[in-house]
Amino acid sequence: MIAHLPDVQLGYDDQGDGVPVLFLHGFPHDRGLWNAQRLSLASEARCIVPDLRGFGQSSTHGPFSVDQYADDAAALLDHLGIAQAVVCGLSMGGYVAMAFWRRHEARVRALVLCDTRAGADSDEARARRDTMIAQARREGAGAIAEAMLPGMVGAETRARRGDVVAGLRAMMSRQPTAGIVGALQALRDRPDSRRTLGTISVPTLVVVGDEDTLTPTSEARAIAEALPPAARVRLEIIAGAGHVPCVERPSATTHALADFLRTLA
Ligand code: MLT
């Protein structure tokens, strides 16, 4: 489906009944990243799954920032008449979830932070973003997909799940160059969210693949340790998954989410 919002057009899925869950994909993905969870959780949750601005079926114009992505998602909830949702983001989607908390706290029923980190980019990481922006402009999405793929999945997936690797490669290769460049700028310029963690007062689930090398388990543990008691944090480490457990180990990830959602009932 396509939502025609005042400032942007967003592709999205809206499936199921129950507590609304807003799923936010990472870079350079689209909403297909959450297909398994949308299909499996639809009997107990209303799954709202947008393409972030610049990806999938969404508009490719800026401005691009994690705050803008969060405001776009809030505008989609307005469009759908949803006051509050569980906000679940993976990696870049996690940065957006933390921005969503800062900007729309009253609309957050609970948080799920998957394979993400709270800190901002280092100077070296910012320089790597600029190199990748130049590469995206020069060579397009296919080159970015190849550059990202090694870090995207764990050793187990790489060795045994060629279908998962092929699916991710296809997803990353079909994203618009304008969206990739805009997202890299947004990632490079995102704020440090470490102080945000201390303000979180809703139940929070932290998920990470045990083979994630982009945002390793140490980052997930740092997030869990920084959350205040009010967040009643749960940490789920998904065995045999890298950076995208929702695709690499969909059942284990869905179970972790479903268990968490039941604690909110
Ligand atoms: C992602 O998966 O969203 C990216 O790895 C995030 C990042 O590069 O910081």
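The briefing below treats the ligand site, the aromatic pairs and the backbone in turn. The structure is a predicted model. Its ligand sits in the largest pocket, and the residues around this ligand include Ser91, Tyr95 and Arg129. Elsewhere in the model, Phe23 and Trp34 form a tilted aromatic pair, and a cis peptide bond leads from Phe27 to Pro28.

**The ligand and its surroundings**

- The ligand is placed in the largest pocket of the protein.

- In the side chain of Tyr95, an N or O atom lies 2.6 Å from an oxygen atom of the ligand.
- For Arg129, the distance between an N or O atom of the side chain and an oxygen atom of the ligand is 2.8 Å.
- Ser91 places a polar side-chain atom 3.0 Å from an oxygen atom of the ligand.
- The ligand taken alone exposes 270 Å², and 93% of that area is buried by the protein.

**Aromatic pairs**

- The model has a count of 2 aromatic pairs.
- In one of them, the ring centres of Phe23 and Trp34 are 5.0 Å apart and the ring planes meet at 45°, so this pair is classed as tilted.
- A plane angle under 30 degrees would count as stacked and one over 60 as edge-to-face, which means that the angles left over count as tilted.
- Phe23 belongs to strand β3 (residues 19-24), while Trp34 is in the loop between β3 and α1 (35-41).
- These two residues are 11 residues apart, and their pair links distant parts of the chain.

**Features of the backbone**

- The peptide bond from Phe27 to Pro28 is cis, with an omega angle near -10°.
- Pro63 is located in the loop between β4 (45-50) and α2 (66-79).
- Ser91 has a phi angle near 55°, which is a positive value in a residue other than glycine.
- Ser91 lies in the loop between β5 (85-90) and α3 (92-104), and its side chain has a polar atom 3.0 Å from a ligand oxygen atom.

Conventions: Residues are numbered from 1 along each chain as its sequence is written. This is a predicted model: local features need pLDDT of at least 70, side-chain atom pairs count only at pLDDT 80 or more; totals for chains, interfaces and linings use all residues. Side-chain values use heavy atoms; hydrogens and water are left out. A residue is near a molecule or strand if one of its heavy atoms lies within 4 Å of it. A polar contact is a pair of N or O atoms within 3.5 Å; within protein, one must be able to donate a hydrogen and the other to accept it, and residues adjacent in sequence count only if both atoms are side-chain atoms. Accessible areas come from the Shrake-Rupley method with a 1.4 Å probe; for residues, only the protein chains shown count as cover. On a 1 Å grid over the protein atoms alone, a cavity is a set of points where a 1.4 Å probe fits but cannot get out, and a pocket is an open set with protein on both sides within 12 Å along at least five of seven lines; lining residues have an atom within 4 Å of a point. A molecule sits in a cavity or pocket if more than half of its atoms lie within 2 Å of its grid points. Rings of Phe, Tyr and Trp (its six-membered ring) pair if their centres lie within 6.5 Å; planes under 30 degrees apart count as stacked, over 60 as edge-to-face and the rest as tilted. Helices (H or I, at least four residues) and strands (E, at least two) are DSSP runs, numbered from the N terminus.
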